[in-house]
Amino acid sequence: SDYMFKQFDTCETIATARANGRGRGIFLSSLISIILASLVPVVGSFIAAVPIVVMTILKSPNIDPSAMSVPTLELTIASLYATVTATLFFMLYSRVAEKRNMRSLGFTKINAIKHYVLGLIIGLVMFSAIVGIGVLVGAFKFNGIAENINWGLLLLVFGGFFFQGMSEEVICRGWIMTSV
């Protein structure tokens with residue numbers, strides 16, 4: 001176990017977090033991490049969902065609320081983009097409350113775009129391999145390419161996952177892991 005902690009000491013992100021942050025005990029850091037990482041994304045998603053639910057109610061004012069169907073695609077897109085708020089919160093919290101710089105969250109300027117694009121390509125290859133294997137073993141059936149693709153909506157969803165993925169990395173790897 002001593003070897004494991006020496007490995008963490010050589011990690012640049014954790015070393016930067018230690019150098020810039022306030023030292024807290026493991027219990028307090030864990031408690032703050034659990035509370036903030038659970039609460040902030042939920043509140044952000046809730047705030048993003050309220051306008052969609054209100055618009056659904058306004059479209060059909062005479063419908064019974066228990067029979068109402070809230071559009072799930074719109075809620076999904078709103079929740080994906082709501083992760084931007086959570087990311088900004090953790091960046092601000094790290095900077096103000098923990099006195100850490102953005103490098104301690106994993107933000108670097110060195111080849112950032114190149115690394116992000118490479119990650120996108122690797123992810124695309126991995127997902128394609130999973131789908132390809134699924135088709136080969138009969139778990140999925142390929143029926144051809146749909147003719148009525150809404151490209152704008154597809155790009156909107158893709159953009160949402162772009163922000164959601166970044167948020168996951170910032171919150172989990174950049175903030176929780178280095179804070180605890």
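Which pattern does the protein follow, read along the sequence? The pattern is α-α-α-α-α-α. That is 6 helices and 0 strands, taken as DSSP runs numbered from the N terminus (helices: H or I, at least four residues; strands: E, at least two).

A word on the source. This is a predicted model, where local features need pLDDT of at least 70 and side-chain atom pairs count only at pLDDT 80 or more, while totals for chains, interfaces and linings use all residues. Residues are numbered from 1 along each chain as its sequence is written, and side-chain values use heavy atoms, with hydrogens and water left out.

Contacts next, meaning heavy atoms within 4.5 Å. Take those between residues at least 6 apart in sequence: 80% join residues at least 24 apart.

Now burial. Of the 180 residues, 21% count as buried. Buried is under 20% relative accessible area, exposed is over 50%, and partly exposed lies in between (1.4 Å probe, protein chains only).

The largest nonpolar core has 11 residues. Such a core is a set of buried Ala, Val, Leu, Ile, Met, Phe, Trp, Tyr and Cys residues, joined through side-chain atoms within 4.5 Å. Among them here are Ile32, Leu36, Phe90, Tyr93 and Trp175. Helix 3, helix 4 (72-96) and helix 6 (151-179) each supply at least two residues of this core.

On to the rings. Rings of Phe, Tyr and Trp (its six-membered ring) pair if their centres lie within 6.5 Å; planes under 30 degrees apart are stacked, over 60 edge-to-face, the rest tilted. The count is 7 aromatic pairs. Phe89 and Phe90 are edge-to-face, because their centres are 5.3 Å apart and their planes stand at 85°. Phe89 and Tyr93 are stacked, with centres 6.1 Å apart and planes at 20°. Those two are 4 residues apart in helix 4, so about one helical turn separates them. Phe90 is buried at 0% relative accessibility. Tyr93 is buried too, at 16%. Phe89, at 31%, is partly exposed. Elsewhere, Tyr81, Tyr116, Phe162 and Phe163 form one aromatic cluster.

Last, the surface. Accessible area totals about 12900 Å², 71% of it on carbon and sulfur atoms. The method is Shrake-Rupley with a 1.4 Å probe; for residues, only the protein chains shown count as cover. One nonpolar surface patch has about 1100 Å² of accessible area together, including Phe27, Leu31, Phe46, Val50 and Leu58. Patch residues have over 30% relative accessible area and no salt bridge; nonpolar side chains (Val, Leu, Ile, Met, Phe, Trp, Tyr) are joined within 5 Å, like charges within 9 Å. A salt bridge puts a side-chain nitrogen of Lys or Arg within 4 Å of a carboxyl oxygen of Asp or Glu. Val50 sits in helix 3 (residues 26-59). At 35% relative accessibility, Val50 is partly exposed.
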